[in-house]
Amino acid sequence: LRRAASSRLVAPLQHAPPQILYSQRPASLLVFDGAPVLAPVAGSTLTVAVNANWDVFFDQGSKTWYWLNNGAWLRATDVKGAWAPVGTLPAALSSLPNDRNFADVRKQVPGRAITAAEMPQIFVSTTPAEIIVVNGAPQYAAIPGTQLQYVANTDAALFRHSGSALV
């Protein structure tokens, strides 16, 4: 901390832009605010990541990570991947505490089954990051009266100036 001219304490700010990740097929981004911080789940071998943007659990018994991703469960032995669809969830996930912290997760057990072919591309970051997903190669559409184009096959607000390339 440093003192501002007005004698107030001022916290240092981070000005670095987030990492931008890009995929031309369905993808998901798991972001932790720093290294995963795990809290025990009462009465089980599970811990839950308290600093992630998704519901992520670690099973101490099997040393496996479980991630609830859009209603489907994924598993990995390393939090950074490789992630794969879960065959059978550990019993501990069926026994999560019946409280509001886990109410939404309990509704997703056993979850929606997905095949390996349906697996999204997975990105994991421990620093701020954003993802841009485009359905295939970018399809540019002109914005009349400007030198701008937008990418029509994405939900992201993605533009380019005519003549520039998509990064």
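**Close-up views of a predicted protein model**

**View 1. Strand 4 is a largely enclosed element of this predicted model.** Five of the five residues of strand 4 (residues 27-31) are buried, so the rest of the structure largely encloses this strand. Burial here means a relative accessible area under 20%. In a regular strand, side chains alternate between the two faces of the sheet. Both faces of strand 4 are covered: Ala27, Leu29 and Val31 are buried on one side, and Ser28 and Leu30 are buried on the other.

**View 2. Strand 4 runs parallel to strand 11.** Strands of a sheet pair through backbone hydrogen bonds, in either a parallel or an antiparallel manner. Strand 11 comprises residues 121-125 and is joined to strand 4 by five bridges. Within this pairing, Val31 has Ser125 of strand 11 as its bridge partner.

View 3. One of the residues involved is Leu38, whose bridge partner in strand 6 is Ala49.

**View 4. Gln147 is an exposed loop residue.** The loop that holds Gln147 lies between strand 13 (140-142) and strand 14 (148-151). The relative accessible area of Gln147 is 51%, and a residue counts as exposed when this value is over 50%. Leaving aside residues up to four places away in sequence, Gln147 touches Arg160, His161 and Ser162. Gln147 and Leu29 are separated by 118 residues in sequence and by 32 Å in space, C-alpha to C-alpha.

**View 5. The whole protein provides the setting for the close-up views.** The protein contains two helices and 15 strands. Its C-alpha atoms fill a box of roughly 60 × 55 × 25 Å along the principal axes. The radius of gyration is 20 Å, whereas a compact globule of 167 residues would have a value near 15 Å. Buried residues account for 33% of the 167 residues. Of the contacts between residues at least 6 apart in sequence, 46% join residues at least 24 apart. The protein exposes about 10400 Å², of which carbon and sulfur atoms supply 54%.

Notes. Residues numbered from 1 in each chain as written. Predicted model: local features only at pLDDT ≥ 70, side-chain atom pairs only at ≥ 80, totals over all residues. Heavy atoms only, no water. Helix = DSSP H or I, 4+ residues; strand = E, 2+ residues; numbered from the N terminus. Rg over C-alpha atoms; globule rule 2.2 N^0.38 Å. Buried < 20%, exposed > 50% of the residue type's maximum accessible area, 1.4 Å probe, protein only. Contact = heavy atoms within 4.5 Å. Areas by Shrake-Rupley, 256 points an atom, 1.4 Å probe, with all protein chains shown as cover. Pairing = 2+ DSSP bridges.
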